[in-house]
Amino acid sequence: MKMTKVNKIPPYNPDLKMKARSNRKNMNLPEAELWYKVLNKRRMLNYRFIRQRPINKYIVDFYCAKLKLIIEVDGESHNDQIEYDKKRERYQQNKGLKVIHYTNIEIMCNLEGVYLDIEKRIKERKKEINPL
């Protein structure tokens, strides 16, 4: 009997490939700070993060597949899309994904604190996924 995963994440959405590529080329300053100083090149506890990853009909800022972890950078544009963001996060959580949010201000004014918080949350997430 073949078992299927209930919370299986949908495959990469090719319809969003060009938009994600454009987003990667045009990161805002807080996203670039987080990417180049914290997340890329396995800097964060040797976990691989992907930036601007399409998941179903959404593009997430940063994604670690091994941990099923999404990191979102929330700027001023998110103030006008609260309901959309709630719907998006519910979808992601229903797929077994953990979502962490940081504001532009947190990243620009306290990158070290953001780094330490991500590190702590990765350790927590690792225990959630692999309790033994």
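**Strand 2 and the elements around it**

Seven of the seven residues of strand 2 are buried (under 20% relative accessible area, with a 1.4 Å probe and protein chains only), so strand 2 is largely enclosed by the rest of the structure. Strands (E, at least two residues) and helices (H or I, at least four) are DSSP runs numbered from the N terminus. This is a predicted model, in which local features need pLDDT of at least 70 and side-chain atom pairs count only at pLDDT 80 or more, while totals for chains, interfaces and linings use all residues. Residues are numbered from 1 along each chain as its sequence is written, and side-chain values use heavy atoms, with hydrogens and water left out.

Strand 2 pairs with strand 1 (residues 50-55) in the antiparallel sense over five bridges, where pairing requires that DSSP finds at least two bridges between two strands. Ile-55 stands opposite Tyr-58 of strand 2, and the two strands form a hairpin with two residues between them, in whose turn Asn-56 has a positive phi of about 55°. Strand 2 is also joined to strand 3 by three bridges, again running antiparallel, and Phe-62 has Ile-71 in strand 3 as its bridge partner.

Helix 3 covers residues 82-94, and its buried residues are Asp-85, Arg-88, Glu-89, Tyr-91 and Gln-92. Seen down the axis of helix 3, these buried residues fall within an arc of 155° (taken from the directions from the helix axis to the C-beta atoms), so they line one face of the helix. On the other side of helix 3, Glu-83 and Asn-94 are exposed, that is, over 50% relative accessible area. What covers the buried residues of helix 3 includes strand 2, strand 3 and strand 4.

Methods
The expected span of a helix is 1.5 Å times one less than its number of residues. Contact means heavy atoms within 4.5 Å.
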